[in-house]
Amino acid sequence: MPTRLRLRVASNPLARGWIIWPILLLVLGGCAPSAFHSDPQPTATATLAPTPTATPRPPSVKEVAVHEAVTGIAVTPDGRVWYGHGSAISSLSPAGAPGPSVTLGGPVFNVVLGPDHRPWAVARDSEGWMLARVAPNGTVQSFHVPNGYQIDPDQVVAGPDGAMWYLAHGLFLFDAKGHGTASSVIGRITPAGDSSQYSIPQANYLGLDFFLRASGAIAAGPDRRIWILLTHMSCVSGSAGVNCQDDASRVAAVSMSGTVQTYAVPGLAITAGAAIIAGPDGNLWMSTAPNPAIISIAPSGRMKVYPLPAGSPAAASLAFGPDGALWFTTTDGTAIGRMTIQGATQGTVTEHPAPKRALHGELPQDVEQPDAIIAGPGGALWFTERAYAYIGHIAPGETAVSEVALPDTTYPTSVQGAIVAGADGTLWYSRTLFNASAYPMGGGVGLITP
């Protein structure tokens, strides 16, 4: 807020006189005869000293060590962060102090914020796959997925109907000729435990490559439908192993009553590694891999393809910035991209190279996940840097990427898991630490205060 300067006249009459008399003399002097007019005197030009500018304070980082790999984080409205690790869901206060922790009967694969503003975990125990909700009093409600289906941990989202929606898959089976099929369903579970499942029309549609997980290719659309990228894999078992090829992947939209409608992706073969988000323009926006493109999807299912520049890697995570543009990371972690979505320059892509680092140690294939990006405090886009101990950020209008160094560890590889907005303009991130043999040695949950 700009500072307002006020002139206050003292209540003491003498003080008021000392202010009024000089003003009267100046007025009378201006009306005096010319005989009393003196020659103008040279006036000195005042030189104002430059106002010192404060050096911007670098963001502060506070990280809490975790003894297992961190598997998802979510921030509740009270500013507390919840994260999965091993068979537990733990929390930290907005100041980073340890909070409530609950243990489940099996490993936790992801943690997401539910429609009830509570953390929900994707987990598995002796009874099968489940969604586990942490109640405000710290108790856990577990809802198992019917029919033995396996939840895709990255394909879970809060729906506009107050339920959690997920994509799940049945067993992957081969026939006598070596051709593989698997059934997939889209399901919903309410906080009260009501459960429903809806079959996808094509029996062997898969929401993921069984060897590389998709990265969050699910979103609640502005039309009150759940949108999911479905990767249709034709797999053949042979002497060299199982060979899977993309076969006419589609996008599915599911109404709140369970009606499933699918739409063909025009002219592109798509495998795992894509993302879908709802845009401010009323459309869905999707990144594709391995063909580098970004696609806008109207609620009617009409799609428009925007190929990325020649030689560019595929886009990975997506986020809309305060400038109304679509920002994205790349699947190889080399650049941060920006694409206009409206106006005469619609589809124009600008890429900002990310700092180059030397990777120490090997990165296991199952954690080669695309970098996450979100619109954070200060109007900047904040993103994780896969396999490096840094969090990057860039504001609209800037050309260079800035970084925040994370605490040093004794392990060579730091794999960034997620980044989410916290309370009062803060950010939370997670990472997993690997030794030189690519074995997970633990992780960390950190708080960034810009």
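**Ground rules**

I am working with a predicted model, where local features need pLDDT of at least 70 and side-chain atom pairs count only at pLDDT 80 or more, while totals for chains, interfaces and linings use all residues. Residues are numbered from 1 along each chain as its sequence is written, and side-chain values use heavy atoms, with hydrogens and water left out.

**Confidence**

I checked pLDDT, the predictor's confidence in each residue on a scale from 0 to 100. The chain averages 80, and 74% of the residues score at least 70. Over residues 1-48 the pLDDT is below 50, and beyond near neighbours in sequence this stretch has six contacts in the model; a contact means heavy atoms within 4.5 Å. Residues 203-215 also stay under 50, yet the model has 58 contacts for them beyond four places in sequence. Where pLDDT is low, the predicted coordinates should not be read in detail.

**Overall make-up**

I found one helix and 36 strands in the chain. These are DSSP runs numbered from the N terminus, helices being H or I with at least four residues and strands E with at least two. Of the 450 residues, 46% count as buried. Buried means under 20% relative accessible area, exposed over 50%, and partly exposed in between (1.4 Å probe, protein chains only). Among contacts between residues at least 6 apart in sequence, 46% join residues at least 24 apart.

**The four-stranded sheet**

I traced an open antiparallel sheet of four strands in the order β1-β36-β35-β34. Strands count as paired if DSSP finds at least two bridges between them. β1 (60-66) and β34 (413-421) stand at the edges with a single partner strand each, so one side of each has no neighbour in the sheet. Neighbouring strands are turned by 25 degrees against each other on average, direction ignored. For such angles, axes are lines fitted to C-alpha atoms, for helices over the stretch in contact, and angles run from 0 to 180 degrees between N-to-C directions.

I then looked at β34 and β35 (residues 427-434), which pair in the antiparallel sense over eight bridges. Gln416 stands opposite Arg431 in β35.

**Salt bridges**

I got six salt bridges for the structure, each one a side-chain nitrogen of Lys or Arg within 4 Å of a carboxyl oxygen of Asp or Glu.

Which partner does Glu63 have? Glu63 forms a salt bridge with Arg431, with the closest N and O atoms 3.0 Å apart. The pair links distant parts of the chain, Glu63 in β1 and Arg431 in β35, 368 residues apart. Arg431 is buried at 1% relative accessible area, whereas Glu63 is partly exposed at 22%.

Next I noted Arg338 with Asp323, a salt bridge at 2.8 Å, N to O. Arg338 lies in β28 (residues 335-339) and Asp323 in the loop between β26 (315-320) and β27 (326-330), so the pair ties together parts 15 residues apart in sequence. Arg338 is partly exposed at 24%, and Asp323 is partly exposed at 30%.

Last, Asp371 forms a salt bridge with Arg386, the closest N and O atoms being 3.9 Å apart. Both Asp371 and Arg386 are buried.
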